Amino acid sequence: MNWLLVVVGACVGAPLRYLTDRAVQERHGTKFPWGTFTVNVVGSLILGLLTGAVSAGAASPHVQLLVGTGLCGALTTYSTFSYETLRLAEEGPWFPAAANVVASVTAGLGAAVVGGALARVWWG
């Protein structure tokens, strides 16, 4: 039954990723992948918060499967991040590609840490 929780979460996360990416990218109108950056940072924040909630006993492991593995797994995308970084590097100067790597990794890790810290404040 655990696999069904992951599937249901992914069924929400994948369309949410696509719609968020399109909405954010339309606002910026640049080649920089702001949509992918946004979903990866938001997904990292949610996963950090959720992991802290599960560790504190405020959420069940079933919620971790539904939201963490399913929703966040489909919402965030390392493969698209890699592809878009490679495309930036091939199409122009190296700075946007390097900025995408540094900003995405730093912001994603930072968001996960902030999520975990918020969980400790709320449920610690």
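Author: Before we start, a word on burial: buried means under 20% relative accessible area, exposed over 50%, and partly exposed in between (1.4 Å probe, protein chains only). This is a predicted model, where local features need pLDDT of at least 70 and side-chain atom pairs count only at pLDDT 80 or more, while totals for chains, interfaces and linings use all residues. Residues are numbered from 1 along each chain as its sequence is written, and side-chain values use heavy atoms, leaving out hydrogens and water.

Reader: OK, salt bridges. How many does a search of the whole structure find?

Author: Side chains of opposite charge can pair when their charged atoms come close. The cut-off here is a side-chain nitrogen of Lys or Arg within 4 Å of a carboxyl oxygen of Asp or Glu. The search turns up 3.

Reader: Which residue forms a salt bridge with K31?

Author: That's E91, with the closest N and O atoms 3.8 Å apart. The pair links distant parts of the chain, 60 residues apart: E91 sits in helix 4 (residues 78-91), K31 in the loop between helix 1 and helix 2. Helices are DSSP runs (H or I, at least four residues), numbered from the N terminus. E91 counts as partly exposed at 46% relative accessibility, whereas K31 is exposed at 55%.

Reader: And where does R87 come in?

Author: An α-helix has 3.6 residues a turn, so residues three or four places apart point the same way. E91 and R87 are 4 residues apart in helix 4, about one helical turn, and their side chains meet in a salt bridge (4.0 Å, N to O). Shared partners join K31, R87 and E91 into one network.

Technical notes. Helices (H or I, at least four residues) and strands (E, at least two) are DSSP runs, numbered from the N terminus.
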